[in-house]
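These are my notebook entries on a structure that I went through step by step. I began with the chain as a whole and then turned to its parts.

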Amino acid sequence: MEQVCLPLFGAALDAARVTSGTHLLDAGCGAGLLALLAHLRGARVAALDASPGLLAIARQRLPAADVREGDLEDLPFADASFDAVTAVNSVFYAEDMTAAMRELVRVVRPGGRVVVTAWGPPERCEFLTAVMPALAPLMPPPPPGAPPPQPGALSEPGALAALLHGAGLRVVEEGEVACPFVFPSTEASWRGNASAGVNQAAIAHSGEAAVRAVYANADRAHMRADGSVRYENVFLWAAGERR
């Protein structure tokens, strides 16, 4: 799935001002492609995720990086450790987004940047509207007292900036980036989507056939004449500076 997020990764790295010598934490790194791109810019990279399988790939890609398993709400790093922190489509999966933001701010140095991204408005995100409502009944129930993940929770105007402001950051930049999800075939769409953590959770709870049927139905509605599949999407980003 990483290839569909390349425009968003580039926007997040630019907003975080990642360049040679930047000490960056990629919080919610997945398989580590954004961290690898930062490394290629000359950054000194650390990365964190909750998935051991994805972290194994990240470590293969970045053998010299500090790659750790952990939770956004309890980062295993010292205060003011980083010049910049990126959290690309990860904060809205936290059980407590406020606690997660507090941790992201804690580990960045004064004057450093925290960049957070989120889905854009549902009416501009075909993937979100085509897949997520049908997938929701197939997901396992959240832990007692915890709300279910809300991928669209930060899509309202000003919501992302308000999240950063509430964590004590000075919002310095905001923007959006077109990020179409394009697959050469329905089989490629399924292979890519099946790898995502949210879909793995649905498969474990409801079975592969039920989850695959959701994607087959959605892909049919977004198939082009050549058999490829394309979902138009917009993602939002905001950069905050620690005071």
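**Entry 1: the whole chain.** I looked up the contacts, where contact means heavy atoms within 4.5 Å. Among contacts in the protein chain with a separation of 6 or more, 73% are accounted for by residues 24 or more positions apart. I noted that this is a predicted model, in which local features need pLDDT of at least 70 and side-chain atom pairs count only at pLDDT 80 or more, while totals for chains, interfaces and linings use all residues. Residues are numbered from 1 along each chain as its sequence is written, and side-chain values use heavy atoms, with hydrogens and water left out.

I then recorded the extent of the chain. Its C-alpha atoms fill a box of roughly 50 × 35 × 30 Å along the principal axes. The radius of gyration, taken over C-alpha atoms, is compared with a globule rule of 2.2 Å times the number of residues to the power 0.38. For 243 residues a compact globule would have a value near 18 Å, and the protein chain agrees, with 18 Å.

For burial I used relative accessible area: buried is under 20%, exposed over 50%, and partly exposed in between (1.4 Å probe, protein chains only). By this count, 47% of the 243 residues are buried.

**Entry 2: secondary structure.** I found 9 helices and 9 strands. These are DSSP runs numbered from the N terminus, helices being H or I of at least four residues and strands E of at least two.

**Entry 3: helices α1 and α2.** I looked up how helix α1 (residues 6–15) lies against helix α2 (residues 33–40). Their axes come within 10 Å and cross at roughly 50°. Axes are lines fitted to C-alpha atoms, for helices over the stretch in contact, and angles run from 0 to 180 degrees between N-to-C directions. Angles under 35 degrees count as roughly parallel, over 145 as roughly antiparallel, 65 to 115 as roughly perpendicular and the rest as oblique. The helices α1 and α2 are therefore oblique to each other. On the α1 side, L6, F9, A12 and L13 meet L33, L34, L37 and A38 of α2. These residues divide into 8 nonpolar, no polar and no charged. Here Ala, Val, Leu, Ile, Met, Phe, Trp, Tyr, Cys and Pro count as nonpolar, Asp, Glu, Lys and Arg as charged, and the others, Gly among them, as polar.

**Entry 4: helices α8 and α9.** The axes of α8 (residues 197–206) and α9 (residues 208–221) come within 7 Å and cross at roughly 135°. The contact is made by N199, A202, I203 and S206 of α8 with E208, A210, V211 and Y215 of α9. I counted 5 nonpolar, 2 polar and 1 charged among the residues of this contact.

**Entry 5: two strand residues.** Is T86 buried or exposed? T86 lies in strand β4 (residues 82–87) and is buried, at 0% relative accessibility. Leaving out residues up to four places away in sequence, T86 touches A12, A16, L24, L25, D26, A27, L34 and V115.

V67 lies in strand β3 (residues 66–69) and counts as buried at 9% relative accessibility. Beyond its neighbours within four places in sequence, V67 is in contact with A47, L55, A58, R59 and L62.

**Entry 6: positive phi.** Most residues other than glycine have a negative phi. I noted R17, with phi near 60°, in the loop between α1 and β1 (23–27). R17 is partly exposed, at 45% relative accessibility.
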